[in-house]
Every structure is written in structure tokens, then in C-alpha cells.
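Here is a short tour of a two-chain model, meant to be read with the viewer open. Pick out each residue as we come to it.

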Amino acid sequence: MTPCAAFEDRLIDYADLRPGDRSVIDEHVAGCAACREYLATLREIDTKLTADVRAIQFNPERYAEVRRQTGSMRPVVRTSRLPEWLDFVAACAVCAFGYGLAWQSGVIAYLVSALSASPN
Amino acid sequence: MPTTRDDEIRALLVRKRFTEAFELAMSAYGGRMLGLAFSILGDRAEAEDAVQDVMVRIWRALPQFRADSAVSTWIYTITRNRCLTMLKQRRAHEPVSLDEPGTREAAESVVAAPALESDVWTLLGTLPLPYRQALTLFYAEEKSYEEIARILDMPIGTVKTHIHRGRKLLASLYGEARLK
């Protein structure tokens, strides 16, 4: 069951081939018993392994143990440090903006002059 | 509207219904987690230990799941990383130095006594580790090369090569086995 060397790699990647390339392979396989058998073997392997891997079940007793363990613990809701850091930046930005507005509107200058003019 | 199990689990996570999300995820992917663990560790009991541990870790980490990948991809990545850590720990306790030429390759190639049924699965267990894990993911859910690459943390081209070479080796071994 040795396929033709020129076709072996393309037979393995048959499912990924473009339709045009596939038709070349189909044509060859139709007239080559060794490559036909090789392709059939690959398909048999695919079918068996797919069935095997999907049939695997985790041991129910083990899963019961997992549920027993997880029953006594809560998922960890970990707060990210990034939002806290962003909160601080946002607060600073709001303060700076407010100060800028007050400066622009002359409130700061008024307060400074009012305080300096105060007799106390 | 949720269309796949992955979407259903994701929807439950968004609503912080962690218990239901966990139950659904483990019933959907528990067996395949075991398949992946077994393909890496090569020992059924050790693979079950790993998966049990990973399940508890997943439960704890559920709120941290970020929706930038499929739930299954996230779960398989955690499973794989845990198994590789266990593999390293096992190697650290092995009496023979794995730094000796050829020893590491041998340790990666041989999977002891597969406890799963078919002859092809047994043959899969004899392939080198990179081929085993790529093929297990490939057959488990027909994952795309991109997703397998993300889980295995390797380039897509490497994944394709592993799958190609793994299938080639399997075909050769399967052919030999049938002739015996």
C-alpha cells in the first residue's frame, strides 16, 4: 500500500485541496489502485479517530469529586487593577477640567482677589 | 439566539450563571479534555488527575473568561498547559537525564499502555507528542488550524506540518499493523 510519491502529500491533504487540485487527484486515484487504497486508509483512520476521541468520557465518579470540591468554593471574581488606575486618571482629568473652566471664567482670579482684599 | 454549545456557555457566563455554565462546559468538553490530557501524558490515571485538577481551576477562573476566544479553546489551552507542567514535573523525577541525546525524543514518543479502545488510537499514542496533541484536537472537534495553533501556542504552519506528518506516520503504521 505505498502510494505514488508524487501524490502522497496531496492525498494526505486531500480535504484541504482546492477543487481544481482535487480533480487532478481524483483522476489519478481512479486509475491507481495503490493511491486509491492509501486514500481509503486515510479516511478509515479519520473516521476511527474521530469516533474514538469523541467517545471518550470523563469518569463520573471523578466528576462527582470535582463537583464536591467546587461546591465548597466560589469562582474567583478578580477585579482588574486597570479600571482602578483608570478611575484615578479620570478623576484627575475631571479636576483639571473643572479648574481650567474656573480659571477661564475668572472665578479663580475673583476668589484670589477677594481673599487678598479681605481684612482678615 | 445561541446557536452552539459554546455560545450557550458564553451566554450563561455573561449572565454570571457560573454553575450552569460549568456543568454545560464539562459535559460538553470533559471527555475531550481527557483525550487531550491522555494524548500528552500517555497514562489514563494521570490524565484523569490532570483533568480533575483542571476542572477545579476552570471553575475558579470562570469569571475571568474573556470572550476573545471560544470557550472550548480556553478550556483546552488550560488543559494542555496543566498537562505540560505535569509532564515537566514527571521528567524532573525521572532517574535518567532527559538532556542526554535521544532520551527526550524517546520519552515524547512512547505512550505507555493506552487505555482507550481502538487500534488507531493505540497507534496515535506511539507518535511524538507534538503530533499527538495536534491530531487529538484536530479529530476532537474538527477545530480550525487557527484554533489549534492558538491552543498549542504555535504558528499555523507548524500545526499543519504536525497534522500532515502525524497522519502520514499513522497511515504508515496502520498499514504495517494490518499486514501483521
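## Starting point: a serine on chain A

Ser23(A) is exposed, as 11 other C-beta atoms lie within 10 Å of its own, and a residue with 12 or fewer is classed that way. Do keep in mind as you look around that this is a predicted model. Ser23(A) belongs to helix α2 of chain A, which covers residues 19–31.

How far apart in space are Ser23(A) and Ser113(A), C-alpha to C-alpha? The distance is 90 Å, and the two serines are also 90 residues apart in sequence. The domain assignment gives some context here: chain A is split into domain 1, residues 5–56, and domain 2, residues 81–117. Taken over C-alpha atoms, the centres of domain 1 and domain 2 of chain A are separated by 71 Å.

## Where the chains meet

Between the two chains, 28 residues of chain A are in contact with 34 residues of chain B. On the chain A side, helices α3 (33–55) and α4 (60–71) each supply at least two of the touching residues. The largest share comes from α3(A), with ten residues. By class, the side of chain A that touches chain B has 15 nonpolar, six polar and seven charged residues.

Is Leu49(A) buried or exposed? It counts as buried because 23 C-beta neighbours lie inside 10 Å, and the cut-off for that class is 20 or more. Which residues does Leu49(A) touch, leaving aside its neighbours within four places in sequence? They are Val120(B), Trp121(B), Leu124(B) and Tyr139(B).

## Chain B as a whole

Chain B has nine helices and zero strands, so its pattern along the sequence reads α-α-α-α-α-α-α-α-α. Chain B has 180 residues, and 39% of them count as buried. Among the contacts in chain B with a separation of 6 or more, 59% are between residues 24 or more positions apart.

Helix α1 of chain B spans residues 5–14, and its buried residues are Asp6(B), Ile9(B), Leu12(B) and Leu13(B). Seen down the axis of α1(B), these buried residues fall within an arc of 125°, so they line one face of the helix. What covers the buried residues of α1(B) includes α2 (18–41) and α4 (71–92) of chain B.

Just after α1(B) comes Lys16(B), in the loop between α1 and α2 of chain B. Lys16(B) is not a glycine, yet its phi is positive, at about 60°. Lys16(B) counts as exposed because it has 11 C-beta neighbours inside 10 Å.

Arg17(B) is found in that loop between α1 and α2 of chain B as well. With 14 C-beta neighbours inside 10 Å, Arg17(B) counts as partly exposed. Its C-alpha atom is separated by 10.0 Å from that of Leu62(B), although Arg17(B) and Leu62(B) are 45 residues apart along the chain.

## The last two helices of chain B

How do α8(B) and α9(B) pack? Helix α8 (residues 145–152) and helix α9 (residues 156–179) of chain B meet at an angle of about 100°, with their axes 9 Å apart. These two helices are therefore roughly perpendicular to each other, a class that takes in angles from 65 to 115 degrees. From α8(B), the contact is made by Tyr145(B), Glu146(B), Ile148(B), Ala149(B) and Leu152(B), and from α9(B) by Ile156(B), Val159(B) and Lys160(B). By class, the residues of this contact are six nonpolar, no polar and two charged.

Asp153(B) is found in the loop between α8 and α9 of chain B. Its phi is near 55°, a positive value in a residue other than glycine. Asp153(B) is exposed, since 10 other C-beta atoms lie within 10 Å.

Notes. Residues numbered from 1 in each chain as written. Chains lettered and ligands numbered in written order. Predicted model: local features only at pLDDT ≥ 70, side-chain atom pairs only at ≥ 80, totals over all residues. Contact = placed C-beta atoms within 7 Å. Helix = DSSP H or I, 4+ residues; strand = E, 2+ residues; numbered from the N terminus. Nonpolar A, V, L, I, M, F, W, Y, C, P; charged D, E, K, R; others polar. Domains from an automatic or database assignment. Arc of directions from axis to C-beta. Axes fitted to C-alpha atoms, helices over the stretch in contact; angles between N-to-C directions. Parallel < 35°, antiparallel > 145°, perpendicular 65-115°, else oblique.
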